[in-house]
Amino acid sequence: MPRYEYRCRTCGDTFELSRPMAQSSAPAACPSGHDDTVKLLSTVAVGGSASGPAPAPRSGGGGGGGCCGGGCCG
């Protein structure tokens, strides 16, 4: 079951909940009982191992080259 991270706007506490994807946007109360919470964008951690070398980056047009939002390329 996926885990979602939330932050309470009242007390500032950050907490996680395991819930089905169908309930991912449902309201979540913080552990202290406050209802004013917001769901955070979380990074994904994937375990395992690779069975070969990492793919080489593609060259040529398109792509942001690792620039966030494309604002740093000029």
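1. Bridges and strands. Two strands pair if DSSP finds at least two bridges between them. Strands (E, at least two residues) and helices (H or I, at least four residues) are DSSP runs, numbered from the N terminus. With that in hand, Arg3 has Ser18 as its bridge partner in β2.

2. Basis of the note. This is a predicted model, in which local features need pLDDT of at least 70, side-chain atom pairs count only at pLDDT 80 or more, and totals for chains, interfaces and linings use all residues. Residues are numbered from 1 along each chain as its sequence is written, and side-chain values use heavy atoms, with hydrogens and water left out.

3. Overall make-up. The protein has 3 strands and 0 helices. From the N terminus, the order of elements is β-β-β. Of its 74 residues, 14% count as buried; buried means under 20% relative accessible area, exposed over 50%, and partly exposed in between (1.4 Å probe, protein chains only). The accessible surface is about 6,000 Å², and carbon and sulfur atoms hold 53% of that. Areas come from the Shrake-Rupley method with a 1.4 Å probe; for residues, only the protein chains shown count as cover.

4. The sheet. The 3 strands form an open sheet in the order β2-β1-β3, with antiparallel pairing. β2 and β3 are at the edges with a single partner strand each, so one side of each has no neighbour in the sheet. On average, neighbouring strands are turned by 35 degrees against each other, direction ignored. Axes here are lines fitted to C-alpha atoms, for helices over the stretch in contact, and angles run from 0 to 180 degrees between N-to-C directions.

5. Pairings of β1. β1 joins β2 over 5 bridges, antiparallel. Tyr6 has Phe15 as its bridge partner in β2. The hairpin of β1 and β2 has 5 residues between the strands, and Gly12 there takes a positive phi near 80 degrees. β1 also pairs with β3, antiparallel, over 3 bridges. On that side, Arg7 has Val38 as its bridge partner in β3.

6. Two faces of β1. In a regular strand the side chains alternate between the two faces of the sheet.

7. The core. The largest nonpolar core has 6 residues: Tyr4, Tyr6, Cys8, Phe15, Ala28 and Cys30. Strand β1 (residues 3–8) gives the largest share, 3 residues. Such a core is a set of buried Ala, Val, Leu, Ile, Met, Phe, Trp, Tyr and Cys residues joined through side-chain atoms within 4.5 Å. Beyond neighbours within four places in sequence, Ala28 is in contact (heavy atoms within 4.5 Å) with residues including Tyr6, Phe15 and Leu17.

8. Aromatic pair. Rings of Phe, Tyr and Trp (its six-membered ring) pair if their centres lie within 6.5 Å; planes under 30 degrees apart count as stacked, over 60 as edge-to-face and the rest as tilted. The count is 1 pair. Tyr6 and Phe15 are stacked, at 5.6 Å centre to centre and 20 degrees between the planes. Both residues are buried.

9. Ser24 and Met1. Ser24 is in the loop between β2 (14–18) and β3 (37–39). Ser24 counts as buried because its relative accessibility is 17%. Met1 lies in the segment before β1 and counts as exposed because its relative accessibility is 70%. Leaving aside neighbours within four places in sequence, Met1 is in contact with Ser18, Arg19 and Pro20.
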